[in-house]
Amino acid sequence: MENAATPLEHVRAEIAKACKASRREPGDIALIAVSKTRSAEEIAPLLEQGHRLFGENRVQEAQDKWPALIERYPDTQLHLIGQLQSNKADDAVALFDCIHALDRPSLLKALAKAMDKADKRVPCFVQVNVGEEDQKGGCLPKDLPAFLAQVRDADIPVAGLMCIPPFEIEPAPFFAFLAKLAADNGLSGLSMGMSGDYPTAIMLGATHIRVGTALFGARG
Ligand SMILES: *Cc1c(COP(=O)(O)O)cnc(C)c1O
């Protein structure tokens with residue numbers, strides 16, 4: 001194993017390759033290590049290698065796991081990448097540095113209230129249901145401009161747009177579509193790309209990639 005690159009080094013090399021191909025700078029890509037379902041012991045090696053940006057998809061799980069780790073690594077940034085229930089808005093605002101799945105007016109209201117109460121503005125990505133799938137969260141593309149206006153009215157900082165494309169079909173057209181929606185709405189942040197497709201996402205403009213399996217192995 002002596003010469004084997006760590007998964008983190010491997011992913012960083014893939015990011016560099018995709019950046020080179022698309023004339024981008026690796027420093028402009030935020031690698032969110034998706035640590036959902038992983039124990040503190042599994043997360044520790046990444047922290048020890050200097051990685052400081054992590055994503056979780058459940059508020060409760062993150063509350064159980066992260067405060068102790070953040071105490072040891074205070075410069076850690078934690079992003080909430082999963083669906084958020086409105087009744088968890090206060091907890092989410094308290095713990096996370098960024099929220100990736102703002103997708104509906106009821107959640108917008110809950111988050112605005114939570115941010116006012118905590119006197120803390122947490123940047124949010126607006127999730128777009130790019131495949132217009134019934135079972136998936138996200139604002140429909142046609143509703144996006146009006147929803148963005150509501151988010152801005154509520155004084156919630158907009159980090160950009162986020163998507164989870166339909167599974168098992170080529171994601172590139174959906175990434176390109178999200179990039180176009182962002183450009184049309186004057187936004188530059190793009191949270192897109194997971195373990196199976198992050199190089200493609202980078203070549204199509206991703207600024208935040210959410211990578212779990214490629215860093216931690218398959219989830220049990
Ligand atoms: C789990 C998850 C990821 C990471 O998926 P991998 O395929 O393990 O890289 C990315 N984004 C969201 C929203 C997720 O829930």
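# Reading a predicted model, one feature at a time

Modeller: Let's start at the end of a helix: α2 is followed by G50, whose phi is positive, near 95 degrees. Keep in mind that this is a predicted model.

Colleague: Thanks! Staying with α2, which of its residues are buried?

Modeller: The general idea first: an α-helix has 3.6 residues a turn, so residues three or four places apart point the same way. Now the case here. Helix α2 spans residues 40–48, and I43, A44, L46 and L47 are buried in it. These residues lie on the same side of α2, because they cover an arc of only 165 degrees around the axis.

Colleague: What does the face turned away from the buried side carry?

Modeller: That face of α2 carries the exposed residues E41 and E48.

Colleague: And what do the buried residues of α2 pack against?

Modeller: Their partners are the helices α1 (7–21), α3 (59–72) and α9 (213–216), along with the strands β1 (30–34) and β2 (53–56).

Colleague: Let's move to the nonpolar core. How many residues does the largest one have?

Modeller: The largest nonpolar core has 63 residues. Those with the most contacts inside it are I15, L102, L111, I156, L161, I209 and L215. Helix α5 gives the most to this core, with 7 residues.

Colleague: Could we follow one of those residues? What does I209 touch?

Modeller: Setting aside residues up to four places away in sequence, I209 touches I15, I29, A30, L31, I32, M192, G193, Y198 and I202. I15 is itself among the core residues with the most contacts.

Colleague: You mentioned α5. Where in the structure is A110 found, and what does it touch?

Modeller: A110 is found in helix α5, residues 105–118. Not counting residues up to four places away in sequence, A110 touches S86 and A89. A110 and S86 are 24 residues apart along the chain, yet their C-alpha atoms are separated by 5.6 Å.

Colleague: Now a strand residue. Is Q127 buried or exposed?

Modeller: A relative accessible area under 20% counts as buried. Q127 is at 3% relative accessibility, so it counts as buried. Its place is in strand β5, residues 124–127. Leaving aside neighbours within four places in sequence, the contacts of Q127 include H100, L102, D103, G138, C139 and I164.

Colleague: Next, the ligand. Which residues are around the ligand?

Modeller: They are V34, K36, I81, I164, M194, S195, R210, V211, G212, T213 and R219. I164 is also one of the contacts of Q127.

Colleague: Are they buried or exposed?

Modeller: R23 is exposed, with a relative accessible area of 80%. D155 is exposed as well, at 53%.

Methods: Residues are numbered from 1 along each chain as its sequence is written. This is a predicted model: local features need pLDDT of at least 70, side-chain atom pairs count only at pLDDT 80 or more; totals for chains, interfaces and linings use all residues. Side-chain values use heavy atoms; hydrogens and water are left out. Helices (H or I, at least four residues) and strands (E, at least two) are DSSP runs, numbered from the N terminus. Buried means under 20% relative accessible area, exposed over 50%, partly exposed in between (1.4 Å probe, protein chains only). Contact means heavy atoms within 4.5 Å. A nonpolar core is a set of buried Ala, Val, Leu, Ile, Met, Phe, Trp, Tyr and Cys residues joined through side-chain atoms within 4.5 Å. The arc is that of the directions from the helix axis to the C-beta atoms. A residue is near a molecule or strand if one of its heavy atoms lies within 4 Å of it.
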